[in-house]
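Student: I have a model open on my screen and would like to learn how to read it. Could you walk me through it?

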Amino acid sequence: QVQLVESGGGLVQTGGSLRLVCAASGSTDSIVAVGWFRQVPGKQRELVADVNSDGSTNYADSVKGRFTISADTAESTVYLHMNSLKPEDTAVYYCNAVAEEGPNANKYVYWGQGTQVTVSS
């Protein structure tokens with residue numbers, strides 16, 4: 001079992017920056033990937049960025065060059081550094097972890113409770 005707690009959301013003006021924090025606890029050694037997703041009302045949750053256990057990262061086209069995902073494995077924490085924020089970045093941001101657990105390395109997906117990011121124009 002993995003527990004995820006996000007923090008760092010808030011209200012910021014266009015062009016501003018925020019840093020989101022995802023703190024993992026529990027069976028963190030089983031985590032193979034961590035990602036940030038976001039969702040606005042009426043739309044599907046979308047991937048923003050993720051980082052795998054080999055250090056490779058992926059970003060949505062809409063955030064490339066503005067957002068950076070990083071992981072501190074010693075602290076079981078993943079960060080999302082968001083720069084040059086735009087009103088269209090407004091959403092609830094969720095931390096997601098994929099873990100491989102058990103003798104068969106079954107994959108489990110865990111979610112945090114979400115943190116609101118609002119970018120004012």
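Tutor: We will go through the sheet, the core, a pocket and a few loop residues in turn. Keep in mind that this is a predicted model.

Student: Let's begin with the strands. What is the strand order in the open sheet of 4 strands?

Tutor: The order is β1-β3-β8-β7, and the pairing is antiparallel. From one strand to the next, the twist averages 15°.

Student: Which strands stand at the edges?

Tutor: Those are β1 and β7; each has a single partner strand, so one side of each has no neighbour in the sheet. Inside the order you can follow β3 and β8, an antiparallel pair with 6 bridges.

Student: How many bridges join β4 to β9, and how many join β4 to β5?

Tutor: There are 8 bridges between β4 and β9, which run antiparallel. Between β4 and β5, also antiparallel, there are 6. Two residues of interest here are tryptophan 36, which stands opposite cysteine 95 in β9, and glycine 35, which has aspartate 50 in β5 as its bridge partner.

Student: Now the interior. What is the general idea behind a nonpolar core?

Tutor: In soluble globular proteins, nonpolar side chains tend to be buried together. Here the largest nonpolar core has 29 residues, and the members that touch the most others are Leu4, Trp36, Val48, Phe67, Leu80, Met82 and Tyr93. Several strands each supply at least two core residues, among them β1, β3, β4 and β5. The strand that gives the most is β9, with 5 residues.

Student: Which residues is tyrosine 93 in contact with, beyond its neighbours within four places in sequence?

Tutor: The contacts include Trp36, Val48, Phe67, Leu80 and Met82, as well as Glu6, Arg38 and Gly114.

Student: How much space lies in the largest pocket, and which residues lie nearest its centre?

Tutor: The pocket holds about 350 Å³ of space. Its lining has 20 residues, with Ile31, Val34, Ala71, Thr73 and Val78 nearest the centre. At least two lining residues come from each of β3, β4, β5, β7 and β8, and β4 gives the most, with 4.

Student: How should I read backbone angles in the loops?

Tutor: Most residues other than glycine have a negative phi. Serine 84, in the loop between β8 and β9, has a positive phi of about 50° although it is not a glycine. Alanine 105 also has a positive phi, near 50°, and lies in the loop between β9 and β10. A glycine with a positive phi, near 85°, is glycine 42, in the hairpin of β4 and β5.

Student: How accessible are serine 84 and alanine 105?

Tutor: Serine 84 is partly exposed at 39% relative accessibility, and alanine 105 is partly exposed at 37%.

Key. Residues are numbered from 1 along each chain as its sequence is written. This is a predicted model: local features need pLDDT of at least 70, side-chain atom pairs count only at pLDDT 80 or more; totals for chains, interfaces and linings use all residues. Side-chain values use heavy atoms; hydrogens and water are left out. A nonpolar core is a set of buried Ala, Val, Leu, Ile, Met, Phe, Trp, Tyr and Cys residues joined through side-chain atoms within 4.5 Å. Buried means under 20% relative accessible area, exposed over 50%, partly exposed in between (1.4 Å probe, protein chains only). Contact means heavy atoms within 4.5 Å. Two strands pair if DSSP finds at least two bridges between them. Axes are lines fitted to C-alpha atoms, for helices over the stretch in contact, and angles run from 0 to 180 degrees between N-to-C directions. On a 1 Å grid over the protein atoms alone, a cavity is a set of points where a 1.4 Å probe fits but cannot get out, and a pocket is an open set with protein on both sides within 12 Å along at least five of seven lines; lining residues have an atom within 4 Å of a point. Grid points are joined across faces, edges and corners, and a volume is the space filled by probe spheres set on the points.
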